[in-house]
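Thank you all for coming.

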Amino acid sequence: MTKEQFKILAPCGMLGYGFPRASFMNGMAHHPDAIVVDAGSTDAGPHKLGAGTAIVSKQACKKDLEIMINAGIQAKIPIIIGSAGGSGAKVHVEWTQAIIMEILEEHRFQGIKIATIWADIPHEVVAAKLDAGQCAPLGLTVAPLTQERLAATTNIVAQMGHEPIVEALQEGAEIVICGRAYDPSPFAAVAMLHGFDAALAYHLGKILECAALSAEPGTTKDCMLGILQMDSFIVKPLSEARKCTAVSVAAHTFYEKDHPYILHGPGLTLDLEHCIFTELGDGSVEVSGSRISETPVYKIKLEGAMKVACRTFVIAGVRDPLLIARIEEVEELVKQQVYEYYDEISRENYHIHFINYGLNGVLGELEPNRAPAHELGVVIEVTAKTQELANAICSSARSTFLHYGYEGRKSTAGNLAFPFAPSDVPFGDVYEFSVYHLMEVADGLEMFKNEYTEV
């Protein structure tokens, strides 16, 4: 028999970002039916996926998980983690597994069933789907996926829908560690398992995956309670310092979408055009009218990254109004001097890039207000085929710029002020998305493997 309400506690917008313990305990006082948290994102680009590193530190991740696991086990409710480790590949999932096992051992929990859902996609599967015309780029800016680029790709993952998570919960899993997941899927899965409407479950998941970001003041570092009902859901902040309004929740419905009210996911399309947002007077908002439909062909989003270069960068400040007035001209002259000095090296092997904060450092050529500030923060970035070459070119660009004798200069002192010594920072490997594609599959379970362990 379906419950009249189903409550989901979302501790924070990203596992490891942290949350007030008081807010979390307020959430537990509402007797939630599940604790669900998103742990991944591609917002920061492809580096974490390509390099196999986590978004947050182990210390931060463990601190959040320890609170969640203790409360969830004591309350006998499932704990679900989406996109474990940040990017959801095998290395990230195993990193999360190790932290969870450490917590369970330290607290001497026994008899806990853990489900791990792997989201890694073999290279040969992607190659075969490409050959069959069942794998296409997600957008016009995605480079063609050649055999060479595919071979150079480190990790390939796919965003899972709710299906493998529902299966894990049906098998009695108390902790579910998901590889790469479509952000709302872990929230939707646990509600759909208990008979709640898929459209409402997915829409609520879209809001809860960012926790209190849809509240005022918004933040990903505080808790939110989602309450599913038969024909609507309620989002409720768990701190007295925040409240939800119809505008704040509706605005978050627009978050990270290329269309105002259409949201595409694995095998589904969510239509939020007719949603109604109603303030309930206690800082919470009720939402109704969400709609969902299945796509004619089930497609999952693939993400894969490949190493393309090494990077070295310098951060400096400029305050001379004469230099600021012609900063881009001087930077181009600095580039030319470096090119001439290293004329034996093909320009295809390295790139010099200047970022001028205080002029157009964020929007670049799209900046509508190009009136410079009285001081600029300048980043000199060099990417090259090797770290040694990146270091050498960056050093040359920095020293050339430092002493460049531009027209009108009154002093022979340095043009740049460096906040750090040494000034040059060898960053390491640079990655780009080599796989950013939609791949056709038979259903939501075909590419995802569930494994179960018991502590």
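This is a predicted model: local features need pLDDT of at least 70, side-chain atom pairs count only at pLDDT 80 or more; totals for chains, interfaces and linings use all residues.

Let me begin with helix α5, residues 123–131, in which V126, A127 and K129 are buried; buried means under 20% relative accessible area, exposed over 50%, and partly exposed in between, with a 1.4 Å probe and protein chains only. Seen down the axis of α5, these buried residues fall within an arc of 165°, so they line one face of the helix, the arc being that of the directions from the helix axis to the C-beta atoms. The face turned away from that buried side carries the exposed residues E124 and D131.

Residues are numbered from 1 along each chain as its sequence is written, and side-chain values use heavy atoms, with hydrogens and water left out. Helices (H or I, at least four residues) and strands (E, at least two) are DSSP runs, numbered from the N terminus.

What covers the buried residues of α5? The cover includes β5 (135–137), α6 (147–152), β6 (153–158), β15 (299–318) and β18 (424–440). After α5 comes G133, whose phi is positive, near 75°.

Turning to the cores, the largest nonpolar core has 63 residues, of which I8, I165, V176, L228, I300 and L302 touch the most other members; such a core is a set of buried Ala, Val, Leu, Ile, Met, Phe, Trp, Tyr and Cys residues joined through side-chain atoms within 4.5 Å. Helix α9 (residues 198–208) supplies the largest share of this core, 7 residues. Apart from it lies another core, of 37 residues, including I35, L65, I67 and I77.

Finally, the largest pocket is lined by 40 residues, and Q159, Y182, E256, K301 and Y436 are those nearest its centre. A pocket here, on a 1 Å grid over the protein atoms alone, is an open set of points where a 1.4 Å probe fits, with protein on both sides within 12 Å along at least five of seven lines, and lining residues have an atom within 4 Å of a point. The elements giving two or more residues to this lining are β10 (262–265), β15 and β18, and β10 gives the most, with 4 residues.

Methods: Contact means heavy atoms within 4.5 Å.
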